[in-house]
Amino acid sequence: MRARLSSALALTALMAVAGGAQGRPDADYRAIGGGALRSVLPADGVASDATVAPYLLRSRLVTNGEFAAFVRSHPAWRRGDAPALFAAATYLSGWGDAADPAPLADDAPVVHVSWYAAQAYCASEGARLPRWYEWEFAAAADATRADARDDEAWLAGILNWYADAGKSAPGSVATGAPNYYGIHDLHGLVWEWVEDYSGLFVNADSRAKGEQKLLDYCGGAAVSLADRRNYAILMRLALLSAMGGQQDGANLGFRCARDPLPPDKESTP
């Protein structure tokens, strides 16, 4: 218990340092109204829709160039300086040195970033990682529809990318058209961290017994998967549910989210 408390305090301190600079106030966040979501993870573990509150989502993935600027101004998160508890030996591997992503492109999404480092970056923008339901809500949209998941051709196109994901370094962000909400690259470029990744439990059979990992953000209920046609999303869930927060991956990046300002703070005199 004491060790867990110490690690939590250490992370809180690192997040506080990151949050002090407000790293990218100009980053583009798009308002998403939320609503009922037919999720692959039913809210009650059986069949109920999830309810997604309004939120703001970063329109673009965080890039190598943006993350390099972050680690230069927050040296506690440089490769070699980030605590081993919060970053694996592979953290930012591929970068030329601790603060320079070359030979990787500045405009490609940053990968090999731990959940802890991603959270710290988002704090520097006055933000956080999106929660699973928020990510899934936005990712259900194609270019013209808020929910394209009943389109078998659209699902098949996404699945084709997942079959080859990780075989080559990801390209530049936002080279294609945004989706219905103005969000780029929710599919087809990298996998993405979510805030509540550690609460995701993948169980394809609601009759499963024995030890189960609970979905902490859905009332503590063990979940069974719905909408099993959407294999791409299920693959993403399987990856995230197997990760530790200090781990990273060659095709795992992130974007940030924000809660809307209260109406009385949306404008200043």
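**Loop, fold and charge pairs: a briefing**

Pro-103 lies in the loop between helix 2 and helix 3. Helices (H or I, at least four residues) and strands (E, at least two) are DSSP runs numbered from the N terminus. A cis peptide bond joins Ala-102 to Pro-103, with omega about 15°. This is a predicted model, in which local features need pLDDT of at least 70 and side-chain atom pairs count only at pLDDT 80 or more, while totals for chains, interfaces and linings use all residues. Residues are numbered from 1 along each chain as its sequence is written, and side-chain values use heavy atoms, with hydrogens and water left out.

**Overall build**

- The protein has six helices and seven strands. From the N terminus, the elements run α-β-β-β-β-α-α-α-α-β-α-β-β.
- Of the 269 residues, 48% are buried. Buried means under 20% relative accessible area, exposed over 50%, and partly exposed in between (1.4 Å probe, protein chains only).
- Among contacts (heavy atoms within 4.5 Å) with a separation of 6 or more, 76% come from residues 24 or more positions apart.
- The accessible surface comes to about 12,500 Å². Carbon and sulfur atoms hold 55% of that surface. Areas come from the Shrake-Rupley method with a 1.4 Å probe; for residues, only the protein chains shown count as cover.

**The loop between helix 2 and helix 3**

- Leu-92 also sits in the loop between helix 2 and helix 3. Its phi is near 55°, a positive value in a residue other than glycine.
- Leu-92 is buried, at 0% relative accessible area.
- Asp-100 belongs to the loop that runs between helix 2 (64-73) and helix 3 (115-124). Asp-100 is partly exposed, at 34%.
- Asp-97, Asp-100, Asp-106 and Asp-107 gather in a surface patch of negative charge. Patch residues have over 30% relative accessible area and no salt bridge, and like charges are joined within 9 Å.

- Asp-185 is not a glycine, yet its phi is about 65°. Most residues other than glycine have a negative phi.
- Asp-185 lies in the loop between helix 5 and strand 5. Asp-185 is buried, with a relative accessible area of 16%.

**Salt bridges**

- The whole structure holds 15 salt bridges. Each is a side-chain nitrogen of Lys or Arg within 4 Å of a carboxyl oxygen of Asp or Glu.
- Arg-38 pairs with Asp-150, the closest N and O atoms being 3.6 Å apart. Arg-38 lies in the loop between strand 2 (35-37) and strand 3 (50-52), and Asp-150 in the loop between helix 4 (132-139) and helix 5 (152-164), so the pair ties together parts 112 residues apart in sequence.
- In that pair, Arg-38 is partly exposed at 33%. Asp-150 is exposed at 56%.
- Arg-58 and Glu-66 meet in a salt bridge at 3.2 Å, N to O. Arg-58 is buried at 2%, and Glu-66 is buried at 13%.
- Glu-192 forms a salt bridge with Arg-255, with the closest N and O atoms 2.9 Å apart. This pair links distant parts of the chain, 63 residues apart. Glu-192 is in strand 5 (residues 191-192), while Arg-255 is in the loop between strand 6 (252-253) and strand 7 (257-258). Both Glu-192 and Arg-255 are buried.
- A network of salt bridges links Arg-128, Arg-131, Glu-134, Glu-195 and Asp-259.

Terms used
Patch = residues over 30% accessible without salt bridge, like charges linked within 9 Å, V, L, I, M, F, W, Y side chains within 5 Å. Lys, Arg positive; Asp, Glu negative; His and termini not counted. Charge placed at Lys NZ, Arg CZ, Asp CG, Glu CD.
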